Amino acid sequence: ALERLPDVVAQNPNIVIVLLGGNDALQRIPLSTTQNNLQQIITTLQQNHIQVVLVGVLGGFPTDPFAPMFQELAKEYSVVYVPNILHELIGTTQYMYDEVHPNAAGYTIIAQRLYAPVTKACYKFSTASPS
């Protein structure tokens, strides 16, 4: 994600949805590395006047080691936070393409879950945007 960040910023978006952590957990990336990467991503986006919607993803793990970190990052950087976007989707075959990726029905639910947080970020952008 850090490598792709300049391409994202170059598109001059108003809002970016940041959903990271699932692959990090699967690949056993140290939590501190994920946190550092997310801090860099959020800071870079905010420096470019881009609102951030931070999305947590527990996936099929029994506990969520990322949740406290995501909550703290959301608080520290004043970003909109959506915890565990895959809640009750993982393990439900009607919503999943495979064990870790949603299908069209699953993505429909994800879009519904993101509607209010993205709307909130739009409001934050419209009230914080420099004239």
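Q: Let's start with the helices. At what angle do α3 and helix α4 pack, and how far apart are their axes?

A: Good place to begin. Two packed helices are described by the angle between their axes and the distance between the axes. In this predicted model, α3 and α4 (residues 67-77) pack at an angle of about 25 degrees, and their axes lie 11 Å apart. Angles under 35 degrees count as roughly parallel, so α3 is roughly parallel to α4.

Q: Which hand does the crossing of α3 and α4 have?

A: The crossing of these two helices is right-handed.

Q: And which residues of α3 and α4 make the contact?

A: From α3 come Leu-31, Thr-34, Gln-35, Leu-38, Gln-39, Ile-42, Thr-43 and Gln-46. From α4 come Met-69, Phe-70, Leu-73, Glu-76 and Tyr-77. Sorted by class, the contact has seven nonpolar, five polar and one charged residues.

Q: Now the sheet, please. In what order do the three strands stand, and in which sense do they pair?

A: The general idea is that strands of a sheet pair through backbone hydrogen bonds, either parallel or antiparallel. Here the three strands form an open sheet in the order β1-β2-β3, with parallel pairing. The edge strands, each pairing on one side only, are β1 (15-19) and β3 (80-82). From one strand to the next, the twist averages 20 degrees.

Q: Which helix packs on this sheet, and which strands does the helix touch?

A: That is α3 again, spanning residues 31-47, which touches β1 and β2. The direction of α3 makes about 155 degrees with that of β2.

Q: How many bridges join β1 and β2?

A: There are five bridges between β1 and β2 (residues 51-55), in the parallel sense.

Q: How many bridges join β2 and β3?

A: Three bridges, again in the parallel sense. A handy landmark for this pair is Val-53, which stands opposite Val-80 of β3.

Q: Which residues of β2 point one way and which the other?

A: In a regular strand the side chains alternate between the two faces of the sheet. For β2, Gln-51, Val-53 and Val-55 point one way, while Val-52 and Leu-54 point the other way. The strand is mostly covered, with five of its five residues buried.

Q: Let's turn to the loops. Where is His-49, and is that residue buried or exposed?

A: His-49 sits in the loop between α3 and β2. The cut-off for exposed is over 50% relative accessible area, so His-49, at 52% relative accessibility, counts as exposed.

Q: What phi does Asn-84 have?

A: Asn-84 is not a glycine, yet its phi is positive, at about 40 degrees. Asn-84 lies in the loop between β3 and α5 (104-128).

Q: What about the phi of Glu-88, and where is that residue?

A: The phi of Glu-88 is near 65 degrees, also a positive value in a residue other than glycine. Glu-88 is in the loop between β3 and α5.

Note on methods: Residues numbered from 1 in each chain as written. Predicted model: local features only at pLDDT ≥ 70, side-chain atom pairs only at ≥ 80, totals over all residues. Heavy atoms only, no water. Pairing = 2+ DSSP bridges. Helix = DSSP H or I, 4+ residues; strand = E, 2+ residues; numbered from the N terminus. Axes fitted to C-alpha atoms, helices over the stretch in contact; angles between N-to-C directions. Contact = heavy atoms within 4.5 Å. Parallel < 35°, antiparallel > 145°, perpendicular 65-115°, else oblique. Left-handed = near helix turned anticlockwise from the far one by under 90°. Nonpolar A, V, L, I, M, F, W, Y, C, P; charged D, E, K, R; others polar. Buried < 20%, exposed > 50% of the residue type's maximum accessible area, 1.4 Å probe, protein only.
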